[in-house]
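Q: Could you walk me through reading the sheet and the helix packing in a model like this one?
A: Gladly; let's look at it together.

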Amino acid sequence: MADIEHIQYVRKPIEAVYDALSTEEGLGAIWTEKLVVKPETGFINEFDFSDNYDTKFRNTELTPPTRILWECVQSDPEWIGTKVSFDLETRKDVTAVMLRHTGWREVTEFYRFCNYNWAQFLYSLKLYLETGKGQPYQQRHF
């Protein structure tokens, strides 16, 4: 098994970071503009990256304002069954965001591509919260 782990520091209160990572407004500004998201345990969030909402994550844990856990129920076969967590912690004047994407069966080219893109996700989160404008998928240049 392989895991992806990244950390980002955001100069905003932990509650604002949690809201950005758990709501349609926040994730729409950070990850993809095409989505259906509700901050409810058990709800299956849907994300569209030009693939007809083929990426779906179940909210398996929502503990405001410190933890979010998703389980992938539909997407690329390498993602199905993996989990994405966001653990938030206040540290002096910043919120530390630890992103983990766990349960990969092996390190593949797609794993490496996703590793890079999760870092971009956290950069977009930082931009959104600190400047008011993130870089969702539709605005990125690949």
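Q: In what order do the strands of the sheet lie, and how do they pair?
A: Two strands pair if DSSP finds at least two bridges between them, and strands (E, at least two residues) and helices (H or I, at least four) are DSSP runs numbered from the N terminus. Here seven strands form an open sheet in the order 1-7-6-5-4-3-2, with antiparallel pairing. Strand 1 (2-10) and strand 2 (35-36) are the edge strands, each pairing on one side only. This is a predicted model, where local features need pLDDT of at least 70, side-chain atom pairs count only at pLDDT 80 or more, and totals for chains, interfaces and linings use all residues. Residues are numbered from 1 along each chain as its sequence is written, and side-chain values use heavy atoms, with hydrogens and water left out.

Q: How do I describe two packed helices?
A: By the angle between their axes and the distance between the axes. Axes are lines fitted to C-alpha atoms, for helices over the stretch in contact, with angles from 0 to 180 degrees between N-to-C directions. The axes of helix 1 and helix 3 come within 11 Å and cross at roughly 125°. That makes helix 1 oblique to helix 3, because angles under 35 degrees count as roughly parallel, over 145 as roughly antiparallel, 65 to 115 as roughly perpendicular and the rest as oblique.

Q: Which residues meet there?
A: With contact meaning heavy atoms within 4.5 Å, Ala16, Val17, Ala20 and Leu21 in helix 1 meet Phe121, Leu125, Tyr128 and Leu129 in helix 3.
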